[in-house]
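Here are my notes on the model you sent. They are in numbered points, for reading beside the coordinates.

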Amino acid sequence: MPTCHNCDRVYESNGITRHRMAHQRRGETVIVTMRSGTWEYPPLPATQPDSTSITDADKSDEP
Ligand SMILES: [Zn+2]
């Protein structure tokens with residue numbers, strides 16, 4: 001079973017990806033063991049495009 005070493009918990013094989021990405025979005029490096037081995041994933045800078053699009057929407061409301 002896939003294991004998240006950040007939490008020291010075991011996850012479903014289709015849930016570990018979501019869980020791993022949640023760590024990455026929080027700016028954490030996450031270490032996961034799967035059938036294929038143990039992998040270290042760097043943090044994602046993924047929140048930046050979201051906050052930019054929200055700013056764009058706010059701008060369009062103003063004259
Ligand atoms: Zn975790």
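1. Strand β3 (residues 30-34) pairs with β4 in the antiparallel sense, over five bridges. Strands are DSSP runs (E, at least two residues) and helices likewise (H or I, at least four), numbered from the N terminus. Two strands count as paired if DSSP finds at least two bridges between them. A hairpin of two residues joins β3 to β4. Met 34 has Gly 37 of β4 as its bridge partner.

2. This is a predicted model: local features need pLDDT of at least 70, side-chain atom pairs count only at pLDDT 80 or more, and totals for chains, interfaces and linings use all residues. Residues are numbered from 1 along each chain as its sequence is written.

3. β3 also pairs with β1, antiparallel, over two bridges. Thr 33 is the bridge partner of Thr 3. Thr 33 also has a bridge partner in β4, Thr 38.

4. The four strands form an open antiparallel sheet, ordered β2-β1-β3-β4. Its edge strands, β2 (9-10) and β4 (37-41), each pair on one side only.

5. Helix α1 (residues 16-25) lies across β1 (3-4), β3 and β4. It runs at about 165 degrees to β3. Axes are lines fitted to C-alpha atoms, for helices over the stretch in contact; angles run from 0 to 180 degrees between N-to-C directions. Contact means C-beta atoms, placed from the backbone, within 7 Å.

6. Along the sequence the pattern is β-β-α-β-β-α. Of the 63 residues, 6% count as buried (20 or more other C-beta atoms within 10 Å of the residue's own, placed from the backbone).

Technical notes: A residue is buried if 20 or more other C-beta atoms lie within 10 Å of its own, exposed if 12 or fewer, and partly exposed in between; C-beta atoms are placed from the backbone. Two residues are in contact if their C-beta atoms, placed from the backbone, lie within 7 Å.
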